[in-house]
Amino acid sequence: MAPKKLYIKTYGCQMNVYDSERMAEAMGGEGYETTERPEDADMILLNTCHIREKAAEKVYSELGRYKGLKAARPDLKIGVAGCVAQAEGEEIMRRQPMVDLVVGPQSYHRLPEMEAKVRSGGKALDTDFPEEDKFDHLKGRPKAKRGPTAFLTVQEGCDKFCAFCVVPYTRGAEVSRPAERVLTEARDLVERGVREITLLGQNVNAYHGHDGGLAGLIHALAEVDGLERIRFTTSHPNDMDEALIEAHGTCDKLMPYLHLPVQAGSDKILKRMNRQHTAEQYLRLIERLRAARPDLHLSGDFIVGFPEETEADFQATLDLIEAVEYGSAFSFKYSERPGTPAAERPQVPEDEKDDRLQRLQALLTKQQRSLQDAMVGRDVHVLFEKPGRLPGQMVGKSEYLHAVHVETSGIVPGDLARIRIESSGPNSLKGVMNPL
Ligand code: 5AD
Ligand code: SF4
């Protein structure tokens, strides 16, 4: 029998990317192959994100686009997964009756049973937080060859309750996967061609599935032969313990790039955000990290226009950015999330938020570009991932996560090489092989 086809559309963070891969693998066990074309699919799954406003509306409008397909082929099954599924639950099927299946992020291991149910004409809904670990139940990854980089989720959920954020509600409490399982999965990925693993968690540095926390896990992973690079994301400043700071200096495989969101630079706003630290504490932490690894590149997340943010508060965020010098960053206008404490507070006008976002992004872009330009003339190590757009070109990432293009015939994906950077473009660097 010809394999059935599964189309998955992924929104939001890297954890959703990882989850989509795992769902595809679980469905592989049920005879499904993935497709890039929704019109060929026997099942369409939207893996959704709920972090900012209008997420649910986007999902409903995306679903609307599949109406024609569903009308033409009533046996096409449509599912909604991820954080909107968790937050909206049954409401999705009520508003959009063509949806057959709604599955929350903690229940993906139940997808095969749910698929069987919808195949026989029923509807399936599961937004539980079950006792069992979804990763234990997902079938082993098939041994297909993989590209050189992979995500690996080691921790989920968040206990921090920042006043703007829905994650503690949609993803639940912090849970860590036992180290042995993580290591088994990492060895398997390496056998299949992976050279770099990014450990994922909503609060990955709160990982406690190994003695010594995330640092312990990183040191254990560094022993895996054939694994060349380790990264992790996303971290909370208060969970950067001494061992993890030190690991940046002692573990060669841990890359000198750290995503460490601070969100804002004003102590008043940080307090109202319930971030549980001050701007000064964050800056001291950056100093300790740079003492351990002087060439560390930092990345962050910022929110502008949080309720009651004044121009002076916003200026404090710009000052903090000036003090840190970020290699890259993500920035957002505050978006009201129903059910979170900040949604109830006096809001900053939209045009004010737009103006602040523009100013913030101008500064961040300038910093990003200047750190990228500073690479010219330096040697970096590049893990090559794929051919570039021009013939004879290969592209990969440096240890600092810059994209690097090289014209060469002697490199294949998965190779690591020392590259002398010769020029810096808008979004990437160019270099030449430098074997000496
Ligand atoms: N509004 C705007 N940005 C938000 N983030 C989380 N919740 C909100 C919100 N309600 C941002 C934070 C977080 C990133 C993943 O998304 O900066 O670090
Ligand atoms: Fe959300 Fe804060 Fe938890 Fe990050 S630390 S997931 S921003 S509540």
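Predicted model: local features only at pLDDT ≥ 70, side-chain atom pairs only at ≥ 80, totals over all residues.
User: In what order do the six strands of the open sheet stand?

Analyst: Strands of a sheet pair through backbone hydrogen bonds, either parallel or antiparallel. Helices (H or I, at least four residues) and strands (E, at least two) are DSSP runs, numbered from the N terminus, and two strands pair if DSSP finds at least two bridges between them. Here the order is S2-S1-S3-S4-S5-S6, with parallel pairing. Strands S2 (32-34) and S6 (124-126) stand at the edges, each with a single partner strand, so one side of each is left without a neighbour in the sheet.

User: Which residues stand opposite one another in S4 and its partners?

Analyst: Five bridges join S3 and S4 in the parallel sense, and Ile44 stands opposite Ile78 in S4. S4 and S5 also run parallel, joined by three bridges; Val80 stands opposite Val102 in S5.

User: Is S4 mostly covered or mostly open?

Analyst: A residue is buried under 20% relative accessible area, exposed over 50%, and partly exposed in between (1.4 Å probe, protein chains only). In S4, five of its five residues are buried. Lys77, Gly79 and Ala81 lie on one side, and Ile78 and Val80 on the other.

User: Where is Leu429 found, and with which residues is Leu429 in contact?

Analyst: Contact means heavy atoms within 4.5 Å. Leu429 belongs to strand S19 (residues 429-433) and is buried, with a relative accessible area of 1%. Leaving aside neighbours within four places in sequence, the contacts of Leu429 include Gln372, Met375, His402 and Ile421.

User: Which residues are around ligand 2?

Analyst: A residue is near a molecule if one of its heavy atoms lies within 4 Å of it. Around ligand 2 are Cys158, Lys160, Phe161, Cys162, Phe164, Cys165, Val167, Pro168, Asn203, His236 and Arg275. Ala, Val, Leu, Ile, Met, Phe, Trp, Tyr, Cys and Pro count as nonpolar, Asp, Glu, Lys and Arg as charged, and the others, Gly among them, as polar. The shell around ligand 2 accordingly divides into seven nonpolar, two polar and two charged residues.

Terms used
Residues numbered from 1 in each chain as written. Chains lettered and ligands numbered in written order. Heavy atoms only, no water.
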